[in-house]
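We'll walk through it piece by piece.

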Amino acid sequence: MFRVIPARPAPSGETGVLAWLRRNLFSSAANTLLTLATGAVLVSALAGLLRWALFDAAWAQVWANMRLLAVFRYPTDLLWRPLVVLAVLLLLLGIMAGAARRNEILRGAFWWVTGFVALFALTAVVFWPSVRWFWLAAGLAPFIGYGAGVARPGLLRAMRWAWALWLVGGFALLHGIVPGSVLLRIAPTRDWGGFMLTMVLFTAIVPSFPLGVALALGRRSRLPAIKTVCIAFIEVVRGAPLIMWLFVASLLLPLLLDTDPNNLPAILRAYVAITLFSAAYMAENVRGGLQAVPRGQIEAAQALGLSGWQTTSLIVLPQALRAVIPAIVGQCIALFKDTSLVFVVGLIDFYRVTEVIATQPASLSITGGVKLELYLFISLVYFFFAYRMSVASRQLEKRLGGGTR
Amino acid sequence: MERIPFWRNVKTIGVLAQVVFVMVLLAGVAILFSNVTSALSRANLPADFGWLGSRAGIPIAETPIPYTTNDPYWRALLIGLLNTLRVALVGVVLASVIGVAVGVMRLAPNFLIRTIATIYVELLRNVPLAVQIVFWYTAVLLPSPPRINNPVELPGGVLLSNVGLAFPFLYPGDRFAAWWPWLVTAVLAALVGGIWRARVARAAELPLRVWPVPVALLLGIAAVGYAVAAFGQPEKSALAVDFDVERGRGTVFVDLDGDGRRGAGERAVPFASTVVRVELAELTTSTQNLSESRRMVPSTFRFPLIRDRDVAEVEVGFVDADAAEQAGYRLHFEHFPSRGVVYVDHDGDGAFSRGEEIDPVTGVGYSGVELVMTLRGFERAIVADRDGQIRTPSFRPAGSALAADDGGGDTVGRGVGVFSSFGAAATEAEIEPLRAEVDLRASGPLVLSRVHVPVSSYEGGMRLTVNYLALLFALVIYTSAFIAENVRGGILAVDKGQREAALALGLSSGQVFSLVVFPQALRVMLPPTISQFLNLTKNSSLAPLAAYGELFVIATITANQTGASVPVALLLIVSYLLISMVFALVLNVVNARIKLVER
């Protein structure tokens with residue numbers, strides 16, 4: 001007779017908190033010493049940082065300038081516009097997250113952003129009476145969207161158009177539509193700034209996407225003229241840093257179009273430069289995906305009688321783009337950080353506002369200034385978004401097969 | 001058989017498409033070109049490179065090669081390029097070192113070390129470089145270190161202040177010309193010796209060490225040459241120093257006419273080693289309430305940095321001793337004799353205690369208390385700078401401060417005193433005139449130039465400005481986070497079996513890493529790391545945020561001054577493309593070298 005002996009639990013010394021501690025912190029005498037020394041340094045550094053942040057730092061000056069940080073000099077009575085744009089963005093995100101419930105990555109990102117906005121909405125309800133209701137609307141929008149998405153998953157099919165409408169409509173609303181009217185009057189772009197401007201410039205990734213795909217296809221074209229031009233554009237643009245292209249664009253665009261520089265707002269020049277720059281990098285990312293599509297796929301498509309155009313748009317591109325989503329998210333992170341370079345054309349984006357705040361008389365009167373506080377604050381905000389994107393990118397990579405294809 | 005109509009022939013369509021594409025492109029370019037030319041001519045802006053030769057007038061703080069504001073634009077731009085390379089090359093080396101260290105730390109068995117490395121990487125990768133540069137520049141390096149006349153003295157003669165970092169440095173002295181043929185010989189011999197040794201090792205099929213042979217050859221020949229050059233027949237030189245002790249400035253030059261004064265056409269000599277002696281002199285200063293390192297420093301006085309070895313005897317006192325006694329002022333030295341505070345001994349313990357430097361009535365420090373330092377037997381070895389200049393503190397004749405003060409009466413009427421002191425020159429008999437002598441010393445092929453602070457700037461040694469340091473720190477730390485990720489990926493890519501096999505062979509864990517794991521990881525991590533090096537170089541164009549004069553900064557200033565936006569843009573694009581091409585070339589060579597040789 002055989003009797004199955006149930007597996008015994010691992011020895012108590014090999015599991016649990018103590019075992020983990022021993023393995024990771026105190027595995028040998030040298031390791032213990034290292035742990036103690038590093039721990040001591042870490043604790044003292046953290047204590048110093050906390051002491052500074054809680055007692056010495058002048059956060060009041062950052063708090064008082066929250067509006068400058070958010071929208072810079074955007075007219076005070078028009079603050080509802082960026083908040084409406086934000087609310088619609090969250091609504092659409094909510095619908096997508098609610099409808100595509102199996103997409104854990106999208107939902108994770110959605111809840112993080114919602115939490116971030118909800119924090120501000122709460123703050124607004126308590127401290128910012130002038131924009132209280134719009135912040136509240138923005139805070140509720142994602143939940144409404146999520147509910148709508150759960151109830152009507154069919155909405156997902158309309159999302160492409162909704163996003164396009166949001167992008168165009170958002171720009172129009174921020175800029176103003178009817179000159180002279182009260183609600184929809186023009187808000188001059190020189191008053192745009194702060195985090196709003198950073199986000200506006202970040203949307204340059206959208207037009208750069210089709211441009212980049214076109215360039216990538218052109219680079220793999222069999223026609224030498226098209227191929228040469230595409231390679232030249234991609235390599236020249238990628239060869240020089242973005243800050244130089246921003247500078248060059250701000251100088252040359254008025255000359256190229258032979259118009260008065262005042263007719264071309266700095267924000268437009270920066271947008272063009274960022275779009276073209278981003279398109280060149282996008283092209284290289286997409287090219288990586290195109291190369292990863294097996295030759296047999298194209299041959300099979302041709303054998304089925306698909307035209308060249310159909311082969312590319314129905315067979316090659318869907319596979320290629322799927323493979324490079326993590327790389328594109330990586331590019332989004334890079335672009336999000338690089339929007340801080342628009343200071344070179346005189347724009348006051350989220351980063352540059354800190355310089356404005358730091359030179360206010362109220363800031364200068366504080367011994368030591370408030371730069372440390374300001375930089376810490378904007379670093380945290382930048383970090384929040386960039387890190388969240390990099391987490392999503394890593395999840396995508398894992399889902400797409402460890403990034404190997 | 002039916003022929004394909006030409007409009008459905010793929011070849012024809014391709015040719016036609018290209019013709020149309022090129023024509024549209026050319027038409028577009030032509031329109032833009034005519035736009036640019038008409039806009040340029042209308043605005044009367046230069047479209048050629050003629051301005052390159054005209055006077056730039058751009059002040060640049062850091063110039064690797066001699067430069068004045070009278071030099072032309074091309075030289076200013078060249079300095080910009082050199083400054084770019086200066087920050088990029090040093091940055092690449094430092095970023096690699098830190099990147100490898102952090103990358104290895106991310107895989108450390110110790111949880112704390114691993115976590116710190118992870119936080120380092122994630123934090124720095126996800127915050128814009130622009131923010132990091134201004135953080136280092138305006139939030140750390142400008143406000144945190146003390147002022148230039150109160151520098152932090154680090155071991156090895158390194159000084160740190162809010163002007164920058166300065167450290168002793170070796171410069172080619174007057175015998176360098178005799179040494180450098182030896183240096184060339186040494187390098188050639190090392191190359192030949194190394195190749196020979198490698199051949200021998202390969203022929204003998206023995207694991208011989210190759211590197212000791214070339215290194216020994218290099219060092220040996222260079223050392224012999226150094227000795228020959230240093231102790232050989234000294235050249236008959238006609239060097240002299242034109243030194244003005246009142247201004248504290250002098251020039252080492254080739255004295256052609258032998259009159260000891262530098263006339264026209266007499267060349268300045270760089271890096272000459274001199275000794276300046278001043279028998280009896282004094283320095284004056286007065287106390288100030290300063291804001292330094294983010295806090296107020298009341299009642300502080302700062303003389304130029306004088307070290308013990310500089311002087312035989314030194315004393316510091318009040319210019320108006322009677323008034324000081326009346327007010328109860330005392331001196332407390334933080335660093336004798338140069339730095340300290342004036343205080344009043346309120347608690348009567350005979351020594352300085354915190355808070356005593358603040359006037360209890362007004363709540364601020366005692367400012368404007370005049371102090372005098374009397375020095376006997378000042379002697380300092382000074383190595384002339386690149387332009388042959390030497391500098392000392394601006395000494396005054398001993399007794400002159402006292403004489404000026406006596407004429408002025410008491411300290412209350414100080415404003416009046418200054419004016420009346422001109423009339424008080426009657427006491428001139430007490431003033432001893434300044435006597436200084438400067439000796440030129442023979443030096444070897446290399447001269448060690450030490451740092452000193454004669455007035456309010458570093459002189460001698462190697463100086464790195466805060467701007468350079470801020471840009472360098474930010475670039476190095478930002479890039480090192482990316483390199484660390486490459487290193488981690490490279491190490492993880494090495495098969496686990498390799499490590500186990502190496503351990504089974506009895507190698508120590510250090511040997512396993514340095515002989516087996518790292519060389520194989522290098523193959524994976526080198527290509528992305530080289531593109532990080534290129535990123536670092538391109539990112540150095542964020543220099544305007546740290547006010548460091550590299551290529552992009554100089555080019556923007558040039559474009560603003562001359563209005564030559566198109567030529568400047570072309571120059572910039574071509575320069576960056578060249579830099580990118582050099583990196584691409586290196587990358588290709590490296591890729592070819594590290595490629596697995598498949599049989």
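This is a predicted model: local features need pLDDT of at least 70, side-chain atom pairs count only at pLDDT 80 or more; totals for chains, interfaces and linings use all residues.

For chain B, the average pLDDT is 87, and 94% of the residues score at least 70. One stretch to treat with care is residues 408-429 of chain B, where pLDDT stays under 50. The model has 22 contacts beyond four places in sequence for that stretch.

Now for the domains. Chain A is split into domain 1 (75-187) and domain 2 (196-405). Taken over C-alpha atoms, the centres of these two domains of chain A are 23 Å apart. Where they touch, domain 1 of chain A puts in six residues and domain 2 of chain A puts in eight residues. On the domain 1 side, the top contributor is helix H6 (residues 104-127) of chain A, with four residues. That side of domain 1 of chain A has six nonpolar residues, no polar and no charged.

Next, look at where the chains meet. Here 50 residues of chain B are in contact with 45 residues of chain A. Several elements of chain B supply at least two residues each to its side, including helix H3 (111-125), strand S9 (295-302) and helix H13 (551-562). Helix H1 (10-43) of chain B is on that list too, and H1(B) gives the most, with 12 residues. Sorted by class, the side of chain B that touches chain A has 33 nonpolar, 13 polar and four charged residues.

Packed helices are described by the angle between their axes and the distance between the axes. Start with H12(B) and H14(B), which pack at an angle of about 170° with their axes 10 Å apart. How do they run relative to each other, roughly parallel or roughly antiparallel? Angles over 145 degrees count as roughly antiparallel, so H12(B) and H14(B) are roughly antiparallel to each other.

Back in chain A, H6(A) packs on helix H7 (residues 132-151) at an angle of about 155°, with the axes 8 Å apart. H6(A) and H7(A) are therefore roughly antiparallel to each other as well, and H6(A) passes H7(A) in a left-handed crossing. The contact includes Val117(A), Phe120(A) and Ala121(A) from H6(A), and Trp135(A), Leu136(A) and Gly139(A) from H7(A). Its residues divide into 10 nonpolar, two polar and one charged.

Finally, the backbone. Most residues other than glycine have a negative phi, and most peptide bonds are trans. Phe336(B) and Pro337(B), though, are joined by a cis peptide bond with omega of about -5°. Pro337(B) lies in the loop between strand S11 (329-335) and strand S12 (339-344) of chain B. Over in chain A, Asp258(A) has a positive phi, near 50°. You'll find Asp258(A) in the loop between helix H12 (242-256) and helix H13 (266-292) of chain A.

Key: Residues are numbered from 1 along each chain as its sequence is written. Chains are lettered from A and ligands numbered from 1 in the order in which they are written. Two residues are in contact if their C-beta atoms, placed from the backbone, lie within 7 Å. Ala, Val, Leu, Ile, Met, Phe, Trp, Tyr, Cys and Pro count as nonpolar, Asp, Glu, Lys and Arg as charged, and the others, Gly among them, as polar. Domain bounds come from an automatic or database domain assignment. Axes are lines fitted to C-alpha atoms, for helices over the stretch in contact, and angles run from 0 to 180 degrees between N-to-C directions. Angles under 35 degrees count as roughly parallel, over 145 as roughly antiparallel, 65 to 115 as roughly perpendicular and the rest as oblique. A crossing is left-handed if the near helix is turned anticlockwise from the far one by less than a right angle, and right-handed if clockwise. pLDDT is the predictor's confidence in each residue, from 0 to 100.
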